[in-house]
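User: Hello! I am new to this structure and would like to understand the terms used for it. Could you take me through some examples?

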Amino acid sequence: MDAATLRDDDLLTWLQTSLEELRGLAAKDPFANPVLLLALELERRWQAGAIDDLAVDGVIRKLTLSASLERAERLGAHVGEHDPERNATQQRALFAALPDDWGAFRAAVEQPSFGFVFTAHPTFAHAVDVQIDLLCLALDRDDKGLPLDAAAREALVDRLATAEHRTRQPIDLDTEHRLSLAAIDRLRRVLSTAHRRVLDVARERFPEHWRQLRPQLATVATWVGYDLDGRADIPWRTMFEKRLEVQVRQLVSLRDRVRALLARAKAEPTVLSPLELLEARLALAVKTAQEGVAVMAGDADDETAMEQLAAWSREALRPDPIRLASARQLVPIVERALERTADDELALDLAVLAAELAGTGLARAQTHLRINAVQLHNAIRKQLGMDHAPDDPSYRLSYLDSIVTLIDGAQPATIHFGSLNAERTTARRVFMLMAQLLKVADEDEPLRFLIAETESAFTLLTALYFAKLFGIDERIDISPLFETEKALTRGVEVVGEALGRRPYREYVRRRGRLCLQMGYSDAGRYLGQTAAAVRIERLKLEIAALLNAAGLGDVEVVIFDTHGESIGRGAHPASFADRLAYLNTAETRRRFRACGIRVKAEASFQGGDGYLPFLHPLTAEAVLTRVLEHALTPPPPTADPFYADDVYAAEFFSVVNRFSHVLIDDPDYAALLGAYGANMLDATGSRAVRRQHEGHGPPNLEHPSQLRAIPNNAILQQLGFLANSLGGAGAAIAKNPDRFHVLYAESERFRRLVGMIEHAFKYSDPAVLRAHVDILDPGLWLLRGASTTETSRQECFRAVAAACERSGVHERLVRVYRVLMRDYLDLAEGLRRHRRRQREEGLSPIVVSATTRDTMHLLHAVRLACMLRMFALAVQVPDFSGRHEMTREEILAFVLHLDVDAAVTTLKRIFPYQQTTAPAVDWGETATYPDADGESYRQEHEQLFDPLAELADRVRRISAALVHHLGAVG
């Protein structure tokens with residue numbers, strides 16, 4: 001094919017043909033990397049003018065479409081059955097299978113055994129309308145749930161073909177909150193429908209009792225707007241405003257439902273009266289909450305805004321019998337209507353309403369607030385004269401005694417909004433905020449106070465002290481987050497030591513529950529994802545034994561598994577049912593049940609990827625149905641064989657853990673994560689990805705701990721190598737391949753764990769990783785210079801080589817590549833031998849489909865070509881004086897780091913498109929200098945700066961397409 005004719009479809013055909021030819025070459029030559037070779041050839045033809053920008057953009061669109069269609073297919077399979085009638089039938093079957101005894105049936109459906117928690121983790125990589133279109137294709141139904149015909153399906157595909165798949169605007173907290181509320185609304189609607197079904201089943205089975213039933217199958221919570229762990233950019237007024245918006249959403253929903261019930265109850269005058277009273281009280285509550293939202297949006301430093309806040313506070317706190325302080329005030333009104341109606345269908349809806357009021361309260365979702373343990377310690381440090389870490393062996397017991405003394409002597413302090421506004425300590429301010437929420441929002445809401453990086457009992461006791469100081473110790477649930485290796489190792493000691501202190505034990509007794517949070521993201525990158533999952537499960541089993549031994553078997557245990565939507569952060573890829581079983585294992589449920597301890601499992605749905613199934617009512621219902629299947633089906637009575645061989649399992653995942661330890665502390669691994677940083681992707685949330693750094697060059701990543709978990713994993717995804725999910729597994733298999741083979745065949749738990757490793761193996765490609773390493777090789781650029789006869793290209797390539805040499809990063813990347821490659825080959829060999837032994841069992845190969853592999857390789861190759869082109873353009877930037885904030889060498893370093901936006905912004909400031917001209921003033925004389933057009937750097941803008949920005953944009957578009965294949969960002 002003549003290169004000059006390459007346009008769009010022709011270019012894609014050429015790329016596909018060339019890729020296949022280069023793969024054949026690579027099979028004979030170990031030095032030939034088909035992905036890199038294709039990128040080099042594409043860049044050469046692009047630079048020569050044989051390929052234009054429009055053709056490249058067309059190919060990116062086609063490959064993005066291919067990736068998104070493949071994702072749609074996986075989405076439909078992942079949620080399981082999504083036919084609405086079949087899911088409705090399945091829910092009714094689950095309810096019908098519950099005990100025949102009224103008391104047992106009632107306990108099963110009125111005590112939630114699962115909780116949904118929505119978080120604002122930065123995973124908003126794709127536009128919402130694109131996500132909805134993907135769900136519609138996955139379901140083969142439109143956004144109203146109606147079946148798609150061929151024309152509608154084709155229209156959806158056409159729309160995806162031309163759409164911008166990335167999020168089209170910067171994601172701020174307001175956007176995150178708005179999207180979370182939309183997801184919560186859809187979940188609440190399908191939950192209400194499930195409650196109606198369980199009531200309907202109860203009406204058939206228990207005709208004399210069913211109207212007393214108040215089902216609460218699951219809880220819904222959110223921390224969007226209330227998470228202060230690792231960020232200080234959310235003022236207390238914003239937190240309060242977001243919480244009141246959640247309340248407005250609920251109150252409006254309740255009011256509208258009551259109005260609909262009023263319209264249906266016209267034939268029953270005795271029912272109208274309580275419903276009219278209910279509507280009036282809800283309307284007033286809506287007005288008060290809406291006024292609160294407006295007031296909280298004001299500036300805390302503005303005197304008028306503070307006066308408005310004070311006025312609203314006085315009104316909200318004014319003693320008034322009709323002021324709505326709790327949903328408890330409304331439940332009797334609904335129950336009066338329920339007792340009076342003779343219409344069973346109306347009674348069903350009234351019972352659903354009463355259940356929601358009793359279980360959910362006045363907020364659309366329950367409130368989780370989170371800070372870091374260090375913030376708590378800083379708040380108490382001066383008061384205790386604490387100069388050492390709370391777990392310092394030389395002071396630990398003294399600090400524990402001191403905090404217990406403080407708790408015993410604490411007298412509740414009274415506060416107002418002025419106190420809250422004046423407080424500068426984060427931890428104290430959050431406790432004060434909770435106290436005010438309980439006064440003016442919902443006095444019965446079970447607020448959850450989450451403490452990240454809890455590693456000592458002192459942290460829990462400090463939280464209890466502040467809770468008592470502000471009079472809320474009997475109204476909030478304090479929950480440690482165990483995520484660090486130290487916390488997961490010592491977690492049972494932390495809980496045991498806290499419970500060993502009288503104030504905390506009495507607090508847990510009064511609350512009737514012990515809340516714990518387990519984190520999979522940081523644990524996964526430090527321990528290895530599968531090793532982290534095993535360590536978390538072991539901690540849960542230890543907690544069960546601890547409570548049983550301590551005589552606390554009557555206390556409910558709430559375990560909040562905080563995980564993401566990717567395998568690197570704990571989401572099992574096989575199906576949603578597998579995801580639930582991976583986190584809340586059958587053995588954990590069995591052990592707690594054997595101890596007589598009631599457990600409520602909670603799981604997080606993080607950011608845009610987590611909200612995805614709740615963008616469509618049918619996928620929301622499918623997810624809820626899988627949850628109900630999991631929660632209402634008892635675990636098997638006997639243990640999985642995985643737990644019978646503790647030695648092998650412990651040693652297997654110890655090998656994984658050891659590899660992760662060595663890797664995470666390898667400075668060359670930090671260099672790999674920092675080579676391009678998170679600059680391949682657009683910002684995917686309101687929380688900053690990059691941490692501040694000193695100096696003018698790009699940030700130097702010294703250790704992965706400087707990165708947050710999501711960007712850490714996102715970088716690995718974009719480099720094509722999921723190291724934290726497969727690392728060390730090859731050596732673990734090699735240790736005892738026979739035992740691996742047997743346990744894999746016998747143990748569902750072990751297969752599920754290894755399934756994470758197999759999935760990571762499928763989506764990891766050493767050739768892709770090596771290509772990203774080698775484009776920073778000075779030798780490659782020198783060889784490129786030697787292979788061309790064009791003097792300008794020779795000079796350009798030698799300049800890039802010099803810039804790469806100055807960075808010194810390539811040698812470090814090659815070293816860590818060898819580490820990862822050896823480990824990958826060990827795993828490939830272990831899995832290959834295992835699969836050979838199980839051929840008769842019909843196991844499919846551990847590979848992605850040929851189409852997926854081609855699309856991913858082509859996306860990587862086109863993106864690498866863009867990067868090669870960017871590097872070559874960057875060295876053509878003219879020199880400039882040293883008086884500017886960056887030197888030319890630093891600009892080049894930024895481009896090599898893919899921080900092109902920062903580089904281009906600086907360059908456009910140094911080389912303005914149009915010089916400022918003198919104002920039109922009569923000076924009494926004329927000037928011929930400068931000319932009328934003024935001095936201009938138009939050529940530099942059009943030939944260098946704008947193309948650099950366009951190439952960077954293409955890089956990020958391709959990265960968003962790759963996220964489709966991977967299923968989630970980070």
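User: What makes Arg 318 count as buried, exposed or partly exposed?

Analyst: Buried means under 20% relative accessible area, exposed over 50%, and partly exposed in between (1.4 Å probe, protein chains only). Arg 318 has a relative accessible area of 38%, so Arg 318 is partly exposed. Please keep in mind that this is a predicted model, where local features need pLDDT of at least 70, side-chain atom pairs count only at pLDDT 80 or more, and totals for chains, interfaces and linings use all residues. Residues are numbered from 1 along each chain as its sequence is written, and side-chain values use heavy atoms, leaving out hydrogens and water.

User: How do you know whether Arg 956 is buried or exposed?

Analyst: The relative accessible area of Arg 956 is 12%, so Arg 956 is buried. Arg 956 also forms a salt bridge with Asp 682, with the closest N and O atoms 3.0 Å apart.

User: And what makes Asp 682 buried, exposed or partly exposed?

Analyst: Asp 682 has a relative accessible area of 28%, so Asp 682 is partly exposed.

Definitions and conventions
A salt bridge is a side-chain nitrogen of Lys or Arg within 4 Å of a carboxyl oxygen of Asp or Glu.
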